[in-house]
Amino acid sequence: MELGEYSGKTVRRLRIQNLLLTENRFPSNLRIGQHSHIYPHFTIVLKGGFVEQYGEHKFVCNAGSVLLVPQDQSHCDIMGPDGTHSLSIEISRSLERFLSSESDLLTRPRVLRSSDLSAAIANLKRHFLTSAPSSSFEIHCAAMQVILAVLRSDTRPSDGPTWLATVCNRLEEDLSQNQSLSELASLAGVSIAHLCRAFHRNKGMTIGDYVRSRRLCAAAERLSHSTDSIALIAAETGFADQAHLSRTFRQAYGLSPRAYRSQAN
(Lines give C-alpha, C1' and ligand atoms only; values in the text may rest on other atoms or scores of the structure.)
Protein backbone atom coordinates (compact mmCIF):
# COMPACT_ATOMS: atom_id res chain seq x y z
CA MET A 1 0.00 0.00 0.00
CA GLU A 2 1.09 3.56 -0.64
CA LEU A 3 1.96 6.12 2.02
CA GLY A 4 -1.03 6.73 4.28
CA GLU A 5 -3.16 4.08 2.59
CA TYR A 6 -5.17 1.65 4.74
CA SER A 7 -8.25 -0.51 4.27
CA GLY A 8 -10.28 1.09 7.04
CA LYS A 9 -11.95 4.48 7.32
CA THR A 10 -9.48 7.31 7.80
CA VAL A 11 -10.64 9.68 10.55
CA ARG A 12 -7.78 12.14 10.35
CA ARG A 13 -4.29 12.38 8.92
CA LEU A 14 -1.37 14.68 9.63
CA ARG A 15 2.03 14.86 8.01
CA ILE A 16 4.74 16.42 10.16
CA GLN A 17 8.37 16.51 9.05
CA ASN A 18 9.54 12.87 8.97
CA LEU A 19 6.25 11.31 10.14
CA LEU A 20 2.75 10.65 8.83
CA LEU A 21 0.08 10.04 11.47
CA THR A 22 -3.17 8.39 10.39
CA GLU A 23 -6.13 7.63 12.67
CA ASN A 24 -8.22 4.74 11.32
CA ARG A 25 -11.37 2.81 12.22
CA PHE A 26 -12.01 -0.73 10.99
CA PRO A 27 -15.39 -2.49 11.24
CA SER A 28 -15.86 -5.67 13.24
CA ASN A 29 -14.66 -8.94 11.69
CA LEU A 30 -13.25 -7.19 8.61
CA ARG A 31 -10.84 -9.41 6.70
CA ILE A 32 -8.08 -7.71 4.75
CA GLY A 33 -6.34 -9.90 2.18
CA GLN A 34 -2.63 -10.19 1.47
CA HIS A 35 -0.92 -6.84 1.11
CA SER A 36 2.22 -4.97 2.13
CA HIS A 37 3.24 -1.39 2.87
CA ILE A 38 5.99 0.52 1.12
CA TYR A 39 6.86 2.39 4.33
CA PRO A 40 7.46 0.80 7.76
CA HIS A 41 5.12 1.98 10.48
CA PHE A 42 3.96 1.58 14.04
CA THR A 43 0.28 0.78 14.61
CA ILE A 44 -1.04 1.82 18.02
CA VAL A 45 -4.21 -0.05 18.97
CA LEU A 46 -6.47 2.44 20.74
CA LYS A 47 -9.57 0.26 21.09
CA GLY A 48 -10.65 -3.20 19.99
CA GLY A 49 -8.07 -5.45 18.41
CA PHE A 50 -7.04 -7.53 15.44
CA VAL A 51 -4.78 -10.36 14.31
CA GLU A 52 -2.07 -9.74 11.72
CA GLN A 53 -0.62 -12.81 10.01
CA TYR A 54 2.71 -13.19 8.19
CA GLY A 55 2.80 -16.66 6.70
CA GLU A 56 2.46 -19.03 9.65
CA HIS A 57 3.17 -16.35 12.25
CA LYS A 58 0.22 -14.59 13.89
CA PHE A 59 0.42 -11.43 15.99
CA VAL A 60 -2.45 -10.67 18.35
CA CYS A 61 -2.82 -6.92 18.77
CA ASN A 62 -5.01 -5.66 21.63
CA ALA A 63 -5.77 -2.20 22.98
CA GLY A 64 -2.67 -0.53 24.38
CA SER A 65 -0.21 -2.51 22.27
CA VAL A 66 1.96 -1.32 19.39
CA LEU A 67 2.53 -3.43 16.29
CA LEU A 68 5.72 -2.88 14.28
CA VAL A 69 4.96 -3.34 10.58
CA PRO A 70 8.04 -3.68 8.33
CA GLN A 71 8.00 -2.45 4.76
CA ASP A 72 7.36 -4.80 1.84
CA GLN A 73 6.42 -7.84 3.96
CA SER A 74 3.17 -9.47 2.85
CA HIS A 75 0.51 -10.06 5.51
CA CYS A 76 -3.24 -10.22 6.07
CA ASP A 77 -5.49 -8.95 8.88
CA ILE A 78 -8.65 -10.00 10.68
CA MET A 79 -10.40 -7.43 12.86
CA GLY A 80 -11.90 -8.51 16.18
CA PRO A 81 -15.62 -8.58 17.05
CA ASP A 82 -15.46 -5.02 18.38
CA GLY A 83 -13.64 -3.64 15.35
CA THR A 84 -10.43 -1.65 15.68
CA HIS A 85 -9.60 1.97 16.37
CA SER A 86 -5.94 2.60 15.62
CA LEU A 87 -3.33 5.28 15.07
CA SER A 88 -0.48 4.53 12.69
CA ILE A 89 2.84 6.36 12.54
CA GLU A 90 4.65 5.97 9.22
CA ILE A 91 8.26 7.10 9.08
CA SER A 92 10.39 8.69 6.40
CA ARG A 93 13.34 6.97 4.72
CA SER A 94 15.81 9.13 6.62
CA LEU A 95 14.29 8.23 10.00
CA GLU A 96 14.12 4.59 8.93
CA ARG A 97 17.85 4.63 8.21
CA PHE A 98 18.57 6.19 11.61
CA LEU A 99 16.45 3.65 13.50
CA SER A 100 18.00 0.79 11.53
CA SER A 101 21.45 1.98 12.58
CA GLU A 102 20.35 1.78 16.24
CA SER A 103 18.73 -1.68 16.20
CA ASP A 104 17.00 -4.30 14.08
CA LEU A 105 13.71 -2.72 15.12
CA LEU A 106 12.20 -2.51 11.64
CA THR A 107 13.30 -5.83 10.19
CA ARG A 108 10.53 -8.04 11.56
CA PRO A 109 6.98 -7.63 12.88
CA ARG A 110 6.42 -7.75 16.62
CA VAL A 111 3.96 -6.55 19.25
CA LEU A 112 5.19 -4.46 22.17
CA ARG A 113 3.76 -3.22 25.47
CA SER A 114 5.40 -1.44 28.39
CA SER A 115 4.58 1.19 30.99
CA ASP A 116 6.84 3.71 29.21
CA LEU A 117 5.06 2.98 25.95
CA SER A 118 1.62 3.32 27.55
CA ALA A 119 2.61 6.69 28.98
CA ALA A 120 3.92 7.90 25.61
CA ILE A 121 0.74 6.74 23.85
CA ALA A 122 -1.45 8.54 26.40
CA ASN A 123 0.56 11.71 25.80
CA LEU A 124 0.20 11.41 22.00
CA LYS A 125 -3.56 10.83 22.33
CA ARG A 126 -3.84 13.94 24.48
CA HIS A 127 -2.10 16.06 21.82
CA PHE A 128 -3.50 14.54 18.61
CA LEU A 129 -6.79 12.74 19.24
CA THR A 130 -8.80 15.65 20.59
CA SER A 131 -11.36 18.04 19.17
CA ALA A 132 -8.69 20.76 19.31
CA PRO A 133 -5.31 19.14 18.54
CA SER A 134 -2.11 20.70 19.85
CA SER A 135 0.44 22.41 17.65
CA SER A 136 2.30 20.39 15.01
CA PHE A 137 5.48 20.75 17.05
CA GLU A 138 3.86 19.27 20.18
CA ILE A 139 2.30 16.41 18.20
CA HIS A 140 5.62 15.66 16.50
CA CYS A 141 7.41 15.57 19.87
CA ALA A 142 4.73 13.28 21.32
CA ALA A 143 4.94 10.91 18.32
CA MET A 144 8.73 10.76 18.58
CA GLN A 145 8.37 9.91 22.28
CA VAL A 146 6.29 6.88 21.24
CA ILE A 147 9.00 5.79 18.79
CA LEU A 148 11.72 6.19 21.43
CA ALA A 149 9.60 4.22 23.92
CA VAL A 150 9.27 1.48 21.29
CA LEU A 151 13.06 1.42 20.94
CA ARG A 152 13.47 1.07 24.72
CA SER A 153 10.76 -1.60 24.94
CA ASP A 154 12.39 -3.62 22.19
CA THR A 155 15.82 -3.66 23.83
CA ARG A 156 16.79 -7.10 25.10
CA PRO A 157 20.07 -7.84 26.90
CA SER A 158 22.01 -10.35 24.81
CA ASP A 159 24.43 -11.67 27.42
CA GLY A 160 22.69 -11.32 30.78
CA PRO A 161 23.42 -13.81 33.55
CA THR A 162 21.40 -17.01 33.54
CA TRP A 163 19.71 -16.09 36.84
CA LEU A 164 18.31 -12.78 35.55
CA ALA A 165 15.11 -14.26 34.12
CA THR A 166 14.53 -16.19 37.35
CA VAL A 167 14.80 -13.01 39.41
CA CYS A 168 12.50 -11.09 37.05
CA ASN A 169 9.93 -13.89 37.19
CA ARG A 170 10.02 -13.83 41.01
CA LEU A 171 9.53 -10.05 41.02
CA GLU A 172 6.48 -10.38 38.76
CA GLU A 173 4.89 -13.40 40.46
CA ASP A 174 3.02 -11.16 42.88
CA LEU A 175 3.47 -7.44 42.35
CA SER A 176 1.56 -6.69 45.55
CA GLN A 177 4.43 -8.15 47.60
CA ASN A 178 7.78 -6.48 48.27
CA GLN A 179 10.69 -8.85 47.62
CA SER A 180 13.75 -8.38 49.80
CA LEU A 181 17.16 -7.99 48.17
CA SER A 182 18.57 -10.74 50.38
CA GLU A 183 15.91 -13.20 49.16
CA LEU A 184 16.52 -12.26 45.53
CA ALA A 185 20.30 -12.55 45.94
CA SER A 186 19.86 -15.96 47.54
CA LEU A 187 17.63 -17.04 44.65
CA ALA A 188 20.25 -15.89 42.14
CA GLY A 189 23.13 -17.38 44.11
CA VAL A 190 25.07 -14.10 44.20
CA SER A 191 25.77 -11.33 46.69
CA ILE A 192 23.36 -8.42 47.06
CA ALA A 193 25.95 -6.02 45.63
CA HIS A 194 26.52 -8.23 42.58
CA LEU A 195 22.77 -8.68 42.12
CA CYS A 196 22.18 -4.92 42.05
CA ARG A 197 25.12 -4.16 39.75
CA ALA A 198 24.31 -6.91 37.25
CA PHE A 199 20.60 -6.13 37.22
CA HIS A 200 21.23 -2.45 36.48
CA ARG A 201 23.83 -3.29 33.83
CA ASN A 202 21.48 -5.62 31.95
CA LYS A 203 18.12 -3.93 32.50
CA GLY A 204 19.26 -0.33 32.44
CA MET A 205 17.43 0.38 35.72
CA THR A 206 17.52 -0.50 39.39
CA ILE A 207 15.45 -3.36 40.79
CA GLY A 208 13.20 -0.81 42.47
CA ASP A 209 12.62 1.06 39.22
CA TYR A 210 11.91 -2.22 37.43
CA VAL A 211 9.28 -3.23 39.99
CA ARG A 212 7.71 0.24 39.86
CA SER A 213 7.57 0.06 36.07
CA ARG A 214 5.90 -3.37 36.13
CA ARG A 215 3.40 -2.22 38.77
CA LEU A 216 2.48 0.83 36.70
CA CYS A 217 2.08 -1.33 33.60
CA ALA A 218 -0.16 -3.76 35.49
CA ALA A 219 -2.23 -0.90 36.90
CA ALA A 220 -2.64 0.66 33.44
CA GLU A 221 -3.76 -2.70 32.08
CA ARG A 222 -6.36 -3.09 34.86
CA LEU A 223 -7.60 0.47 34.39
CA SER A 224 -8.08 -0.14 30.66
CA HIS A 225 -9.70 -3.56 30.82
CA SER A 226 -11.55 -3.88 34.13
CA THR A 227 -14.16 -2.08 36.18
CA ASP A 228 -12.32 -2.70 39.46
CA SER A 229 -12.09 0.26 41.79
CA ILE A 230 -8.89 2.28 41.71
CA ALA A 231 -8.34 1.47 45.39
CA LEU A 232 -8.50 -2.27 44.67
CA ILE A 233 -6.16 -1.94 41.69
CA ALA A 234 -3.71 0.00 43.86
CA ALA A 235 -3.75 -2.71 46.53
CA GLU A 236 -3.35 -5.59 44.10
CA THR A 237 -0.54 -4.01 42.07
CA GLY A 238 1.69 -3.19 45.03
CA PHE A 239 0.91 0.44 45.88
CA ALA A 240 0.46 1.54 49.48
CA ASP A 241 -2.96 3.02 48.76
CA GLN A 242 -4.98 4.82 46.09
CA ALA A 243 -3.21 8.12 46.74
CA HIS A 244 0.19 6.45 46.23
CA LEU A 245 -0.96 4.95 42.91
CA SER A 246 -2.47 8.25 41.77
CA ARG A 247 0.69 10.21 42.58
CA THR A 248 3.04 7.70 40.93
CA PHE A 249 0.75 7.19 37.94
CA ARG A 250 0.45 10.92 37.26
CA GLN A 251 4.24 11.33 37.42
CA ALA A 252 4.74 8.57 34.84
CA TYR A 253 1.74 9.06 32.54
CA GLY A 254 0.86 12.74 32.98
CA LEU A 255 -2.70 11.68 33.84
CA SER A 256 -4.56 10.56 36.93
CA PRO A 257 -5.70 6.91 36.95
CA ARG A 258 -9.30 8.09 36.59
CA ALA A 259 -8.47 10.26 33.56
CA TYR A 260 -6.42 7.45 32.02
CA ARG A 261 -9.33 5.02 32.41
CA SER A 262 -11.68 7.56 30.82
CA GLN A 263 -9.40 7.98 27.78
CA ALA A 264 -8.83 4.23 27.44
CA ASN A 265 -12.57 3.58 27.37
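Where is A63 found? In this predicted model, A63 sits in the loop between β5 (57-62) and β6 (66-69).

R31 has its place in strand β3 (residues 31-35). Is R31 buried or exposed? Residues over 50% relative accessible area are called exposed, so R31, at 65% relative accessibility, counts as exposed. For A63 the cut-off to remember is under 20%, which is what buried means. A63 has 15% relative accessibility and therefore counts as buried.

Which residues does A63 touch, leaving aside those up to four places away in sequence? They are V45, L46, K47, G48, R113 and H225.

The table gives both for two pairs.

| Pair | Separation in sequence | C-alpha to C-alpha distance |
|---|---|---|
| R31 and C76 | 45 residues | 7.7 Å |
| A63 and T206 | 143 residues | 29 Å |

**A helix with a buried face**

Now find helix α6, which covers residues 192-203. Its 12 residues reach 16 Å from the first C-alpha to the last, close to the 16 Å expected at 1.5 Å a residue.

Which residues of α6 are buried? They are L195, A198, F199 and N202. Seen down the axis of α6, these buried residues fall within an arc of 105°, so they line one face of the helix. On the face of α6 turned away from its buried side, you will find the exposed residues R197 and R201.

What covers the buried residues of α6? The cover includes α4 (164-173), α5 (181-188) and α7 (207-225).

**How α4 meets α6**

Take α4 as one partner to follow up. α4 and α6 pack at an angle of about 95°, and their axes are 11 Å apart. That angle makes α4 roughly perpendicular to α6. On the α4 side, the contact is made by L164, V167, C168 and L171, while α6 brings L195, F199, N202 and K203. By class, this contact has 6 nonpolar, 1 polar and 1 charged residues. Of the α6 residues in the contact, L195, F199 and N202 are also among the buried residues of α6.

Key
Residues are numbered from 1 along each chain as its sequence is written. This is a predicted model: local features need pLDDT of at least 70, side-chain atom pairs count only at pLDDT 80 or more; totals for chains, interfaces and linings use all residues. Side-chain values use heavy atoms; hydrogens and water are left out. Helices (H or I, at least four residues) and strands (E, at least two) are DSSP runs, numbered from the N terminus. The expected span of a helix is 1.5 Å times one less than its number of residues. Buried means under 20% relative accessible area, exposed over 50%, partly exposed in between (1.4 Å probe, protein chains only). The arc is that of the directions from the helix axis to the C-beta atoms. Contact means heavy atoms within 4.5 Å. Axes are lines fitted to C-alpha atoms, for helices over the stretch in contact, and angles run from 0 to 180 degrees between N-to-C directions. Angles under 35 degrees count as roughly parallel, over 145 as roughly antiparallel, 65 to 115 as roughly perpendicular and the rest as oblique. Ala, Val, Leu, Ile, Met, Phe, Trp, Tyr, Cys and Pro count as nonpolar, Asp, Glu, Lys and Arg as charged, and the others, Gly among them, as polar.
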